[in-house]
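Keep the sequence and the model side by side.

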Amino acid sequence: MTTPPDSMSLRFRHAWAALWRGLEAGRRWTLNMLTLVLLAGLLVAGWAATRTSFEPGSVLVLSPKGRMTEEAASPQGAELLMRVADDEGPGVRLRDWTEALQHAARDDRISRVLLLLDDFEGAGLPTLREAAAALEAFKASGKPVLAWGGQFDQRSYYLAAHANRVTLHPMGAVAMEGLGRQRTYYKDALDRLGIRVNLLRVGEFKSAGEPYVANAPSPEALRADAHVYDALWKLYTQGVEKARGLAEGSIHRDIDALPASLIQLGGDTARLAREWRLVDAVQSFEEFRAALQREVGPDHKDRTTFRQVGLNAYLDDVRKAVRGDHVAVIVAQGEIDDGHAPAGRIGGLSTSRLIQQAAHDKHVKAIVLRVNSPGGSAYGSELIRQQLEAARAAGKPVVVSMGDVAASGGYWISMASDRVIADAATTTGSIGVFAMLPTIEGLMGKLSVHTGGYRTNWLAGSYDPRQPLDPRFRDLIQSAIGRIYTDFIAKAAAARRMDPARVEAVARGRIWTGQQAMEHGLIDQVGSLADAVQAASRLAQAEAPTLPVRYWAQEPSRTQAIWDLFSARLAASLGMSVRDHVPAATLLAIDPVTHRAAADLSWMRDLLLGRKPFAAVTHCLCEPAL
């Protein structure tokens with residue numbers, strides 16, 4: 001005999017079933033709506049990609065925001081958002097700049113180029129020289145380049161100087177101040193805290209660790225810096241003087257006379273820039289814009305301004321996918337880590353994987369490694385060097401093109417190549433190794449904190465930041481980094497076909513400019529990325545003088561790419577502010593002194609937290625000069 005179900009239980013089951021059906025219906029409705037929104041976003045994307053974006057006679061406006069780099073370090077979604085709104089975003093890639101100018105030179109719809117550089121945060125001198133060379137090549141087509149600025153610092157002015165006509169705001173100035181750097185030295189502060197930094201290095205010029213063990217730069221560091229900075233400043237001033245038709249040495253003389261000259265003009269910096277022939281006209285942007293509108297006509301979207309097209313919209317219109325045989329350009333930008341690294345950094349595993357993929361692609365006839373790195377992990381550097389050797393063994397020529405910096409680990413990964421090409425202003429060399437092992441026994445004493453415990457032998461826990469460094473452990477690490485340095489010298493000697501003693505004489509952790517490096521046999525040629533592509537095409541025995549170029553980079557997953565495109569197009573179609581959708585970290589401006597100090601001390605934080613017991617580092621801790 002069955003017992004009838006309790007009425008309360010029945011009601012509960014019915015309510016639960018109804019709730020479940022409601023949730024299931026809600027889930028289906030939500031998924032269907034998301035699908036519809038996604039389809040709508042893709043339709044908007046397709047419509048935006050096919051519509052005409054500018055008129056004949058337009059001005060190509062180059063208005064970079066942030067630094068000019070080899071590879072965008074912003075998240076994929078943020079970059080797409082910037083591109084949808086035709087916003088230059090938090091930086092511009094050098095290759096986008098040069099490609100746009102190459103197309104514009106032969107595009108009848110582009111009448112001239114306008115540089116708006118107030119938000120440009122600069123780049124290293126080699127990058128600026130390549131960007132300026134692209135402007136000169138555009139001018140050779142007979143079309144003019146114009147530049148307007150509210151203010152020009154020496155980084156933005158290097159590009160502006162290559163314009164046919166430079167216009168400055170009446171309250172503006174051209175600020176050229178020279179080159180140099182002031183490092184922060186922490187020894188006394190660390191002593192006060194009871195922190196001892198044990199610096200182990202090979203090479204008296206390997207000054208990267210000096211700020212933690214000294215209160216001032218060593219004579220060797222000052223001598224090496226002077227040798228490089230004087231050469232770089234000469235390249236800078238000669239480039240500006242040639243572009244502006246000024247007498248050689250005039251910038252140096254004008255800077256020496258600056259106080260008296262400015263006082264004589266009543267403090268009028270714009271007038272001073274014009275009298276020194278650094279600019280051609282002094283004019284507000286409203287006046288400048290009105291004059292340009294009269295010359296080229298009004299824009300069809302905004303009748304209050306001139307016909308124009310931005311960099312991203314222009315590239316979307318003219319860029320075509322590269323198919324068939326090509327040169328693979330792989331960008332190695334940023335610090336070198338051991339494993340996988342995101343855009344803007346180099347991973348021993350992730351960068352090696354890209355090289356391996358290019359080496360096994362039948363359409364890749366040669367590889368150009370574009371290096372812009374101060375170094376980092378010795379192990380990660382070796383992984384990349386070995387993969388380049390494997391690519392060469394597979395029959396793929398490898399050419400290295402050095403950008404702003406290719407020093408220490410950046411030089412290490414450049415050694416497995418058929419040819420090394422650097423800009424005259426590239427910072428390279430710094431063949432040396434160091435390790436830093438901080439201990440805080442003094443701080444422990446100040447806090448009256450003690451340690452103790454059992455160990456089976458001296459090596460167990462031999463590096464404990466809470467205790468003084470064991471001399472045996474110091475000798476062990478010194479021996480290890482000495483071996484890495486010897487290996488570095490041997491590999492460089494073999495790659496450069498030089499006697500190891502000759503390499504050692506120009507190594508010892510010392511940095512050089514690209515021109516100086518060529519004189520010492522550390523590179524093969526002074527030239528640009530375009531020269532490297534031509535060299536790679538020749539080595540591949542290509543029929544054409546220069547093969548097409550395709551940049552190889554880590555691709556986002558298909559799902560991520562669709563979502564990024566959808567969110568970017570949807571935001572644009574709804575009129576949302578682009579910057580509202582960019583992670584704050586990509587837009588945050590950090591005080592340079594605070595940022596530098598934080599970066600200087602970040603290695604200590606990692607060590608004290610036990611993330612890295614110790615590491616042999618091939619890093620120059622150097623940055624582009626501008």
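Two strands count as paired if DSSP finds at least two bridges between them. Helices (H or I, at least four residues) and strands (E, at least two) are DSSP runs, numbered from the N terminus. This is a predicted model: local features need pLDDT of at least 70, side-chain atom pairs count only at pLDDT 80 or more, and totals for chains, interfaces and linings use all residues. Residues are numbered from 1 along each chain as its sequence is written, and side-chain values use heavy atoms, with hydrogens and water left out.

Start with the six-stranded sheet. Its order is β11-β8-β6-β4-β1-β12; the sheet is open and the pairing is parallel. β11 (281–282) and β12 stand at the edges with a single partner strand each, so one side of each has no neighbour in the sheet. Strands of a sheet pair through backbone hydrogen bonds, either parallel or antiparallel.

Strand β12 (residues 308–310) runs parallel to β1, over three bridges. Here Gln-308 in β12 stands opposite Val-59. On to β4: five bridges join β1 to β4, again in parallel. Leu-60 has Val-113 of β4 as its bridge partner, and Val-61 has Leu-114. Next, β4 and β6 pair in the parallel sense over four bridges.

In β1, five of its five residues are buried. Both of its faces are covered: Ser-58, Leu-60 and Leu-62 lie on one side, Val-59 and Val-61 on the other. β6 is largely enclosed by the rest of the structure, because five of its five residues are buried. Val-145, Ala-147 and Gly-149 point one way from β6, while Leu-146 and Trp-148 point the other way.

Helix α11 belongs with this sheet. Its buried residues are covered by elements that include β1 (58–62), β4 (110–116), β6 (145–149) and β8 (165–168). Those buried residues of α11 are Phe-285, Phe-288, Ala-291, Leu-292, Gln-293 and Val-296. The expected span of a helix is 1.5 Å times one less than its number of residues. For the twelve residues of α11 (residues 285–296) that gives 16 Å, and the end C-alpha atoms are 16 Å apart, which agrees. Just after α11, Gly-297 takes a positive phi of about 100 degrees.

A second sheet has three strands. It is open and parallel, in the order β3-β2-β5. Its edge strands are β3 (92–93) and β5 (120–122), each pairing on one side only. Strand β2 (residues 66–69) and β3 pair in parallel over two bridges. Thr-69 stands opposite Arg-93 in β3.

Helix α3 (residues 94–105) holds His-103. Contact means heavy atoms within 4.5 Å. Leaving aside neighbours within four places in sequence, His-103 is in contact with Tyr-314 and Val-318.

Finish with the charged pairs. A salt bridge is a side-chain nitrogen of Lys or Arg within 4 Å of a carboxyl oxygen of Asp or Glu. By this rule the count is 32 salt bridges. In one of them, Arg-508 pairs with Glu-204, the closest N and O atoms being 2.7 Å apart. This pair links distant parts of the chain, 304 residues apart: Arg-508 is in the loop between α18 (500–506) and β22 (511–513), Glu-204 in the loop between β10 (196–202) and α7 (219–244). Arg-508 counts as partly exposed because its relative accessibility is 26%. Glu-204 is partly exposed too, at 32%.

Glu-275 meets Arg-271, with the closest N and O atoms 3.3 Å apart. Both lie in helix α10 (residues 269–275), four residues apart, about one turn of the helix. Glu-275 is partly exposed at 49%, and Arg-271 is partly exposed at 44%.

Conventions: Buried < 20%, exposed > 50% of the residue type's maximum accessible area, 1.4 Å probe, protein only.
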